[in-house]
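Start with the sequence and the model.

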Amino acid sequence: MSEQTILIEQHGAVRLLRLNRPEALNAFTTGMLGQLRQALEAAATDVDTRCVLITGAGRAFSAGQDLADPHVAPSREAGAPPKDIGHLLDHFYIPLALRLRSMPVPVVAAVNGVAAGAGASVALGCDLVLAGESASFIQAFSKIGLIPDCGGTWLLPRLVGRAKALELALLGDKLKAADAERLGLISRVLPDAELMEAALATAQKLAAMPTRALVETRIAMDEALKFDFETALKREAVLQSQMGFAYDYLEGAAAFLDKRKPQFRDR
Ligand code: LHQ
């Protein structure tokens, strides 16, 4: 039986995915990348799951690509042809990043330790990023002669602006969680001992909210970054019109007027 590199727990409407290769700081093998994508796919198609929470087992979130994986480890034999690591991106990282970024439910990352290379890209690709105070973010790519991948070149400048994005990516220095929060790279830092409880509570809160509106908000904001103001206004109107016909708006507005708690159900 293959190694269980993603542990899955269900907490009410929250699907918790735990990256699980703690002996290698949850570095991604191809098998693990496939299992993570499958786990996201399963959460996406389960109508009772209304939020996904991703964290790491042990002391790390993820150290990125497993550099010992035979698909990427440089061959040391004289005359051996270099490996095409772009193949790995095409077949594993791109489908994973697209799946993560287009989830039909909000996705929260609970960064419990170091998030390096593609591990940082996976964390930063989530909708909300919470981190323990001992967590850190390392754009480790440049140190081994690579460029940020798994969405890193897209995410970093959008999150922190070009100057800081380039500083992080070129120098590859460790960024502490508190500094990541200050830069706007992540949402919030919490004491380590409180991280999982707070992350689960945040995920539960999102799970009880109008899922479709949350997901369309993510989509609209990502799109708006490439629009001029007027185009963004018009796009908002199209999406808002769709929201207005949905059950959750009728329920949300009616519950407000009736002074009762809404029961959202759209997904
Ligand atoms: C690891 C790893 C690791 C294997 C720790 N692999 N074992 C995409 C497509 C194609 C090709 C390549 O890349 C990509 C995207 C990427 O993600 S590139 C970036 C890959 N990641 C890195 O370069 C980070 C490498 N790791 C580190 O720099 C350090 O381990 C960090 C700073 C993350 C943590 O340092 P420490 O806390 O001092 O831990 P450690 O280095 O002692 O690691 C603990 C163990 O985990 C150790 O194994 P061992 O058997 O000696 O206990 C490491 O070898 C293993 N490990 N990262 N990426």
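## Terms and model

A crossing is left-handed if the near helix is turned anticlockwise from the far one by less than a right angle, and right-handed if clockwise. Helices (H or I, at least four residues) and strands (E, at least two) are DSSP runs, numbered from the N terminus.

The model is predicted: local features need pLDDT of at least 70, side-chain atom pairs count only at pLDDT 80 or more, and totals for chains, interfaces and linings use all residues. Residues are numbered from 1 along each chain as its sequence is written, and side-chain values use heavy atoms, with hydrogens and water left out.

Two packed helices are described by the angle between their axes and the distance between the axes. Axes are lines fitted to C-alpha atoms, for helices over the stretch in contact, and angles run from 0 to 180 degrees between N-to-C directions.

Helix 1 spans residues 30-45 and helix 2 spans residues 86-101. They pack at about 30°, with axes 10 Å apart. Helix 1 is therefore roughly parallel to helix 2. Angles under 35 degrees count as roughly parallel, over 145 as roughly antiparallel, 65 to 115 as roughly perpendicular and the rest as oblique. The crossing of helix 1 and helix 2 is left-handed.

Contact means heavy atoms within 4.5 Å. On helix 1, the contact residues are T30, L33, G34, L36, R37, L40, E41 and A44. On helix 2, they are L88, H91, F92, Y93, P95, L96, R99 and L100. By class, this contact has ten nonpolar, three polar and three charged residues. Ala, Val, Leu, Ile, Met, Phe, Trp, Tyr, Cys and Pro count as nonpolar, Asp, Glu, Lys and Arg as charged, and the others, Gly among them, as polar.

## Helix 8 and helix 9

Helix 8 (residues 211-224) and helix 9 (residues 229-245) have axes that come within 11 Å and cross at roughly 165°. Helix 8 is therefore roughly antiparallel to helix 9. Their crossing is right-handed.

Helix 8 brings R212, A213, E216, A220, E223 and A224 to the contact. Helix 9 brings A232, R235, L239, Q242 and M243. The classes are six nonpolar, one polar and four charged.

## Helix 4 and helix 5

The axes of helix 4 (residues 152-160) and helix 5 (residues 162-171) come within 7 Å and cross at roughly 130°. Helix 4 is therefore oblique to helix 5. This crossing is right-handed.

L156, P157 and V160 of helix 4 meet R162, K164, A165, L168 and A169 of helix 5. Six of these residues are nonpolar, none polar and two charged.

## D46 in its loop

D46 sits in the loop between helix 1 and strand 3 (51-56). Its side chain makes a polar contact with the side chain of R15 at 2.8 Å. A polar contact is a pair of N or O atoms within 3.5 Å; within protein, one must be able to donate a hydrogen and the other to accept it, and residues adjacent in sequence count only if both atoms are side-chain atoms. The side chains of D46 and T49 are joined by another polar contact, of 2.7 Å.

Leaving out residues up to four places away in sequence, D46 touches Q10, R15 and R267.

## Around the ligand

The ligand is surrounded by 24 residues (a residue is near if one of its heavy atoms lies within 4 Å). The closest are R59, A63, Q65, A118 and D149.

One of Q65 lies 2.9 Å from a ligand nitrogen. One of L67 lies 3.0 Å from a ligand nitrogen. One of A118 lies 2.9 Å from a ligand oxygen.
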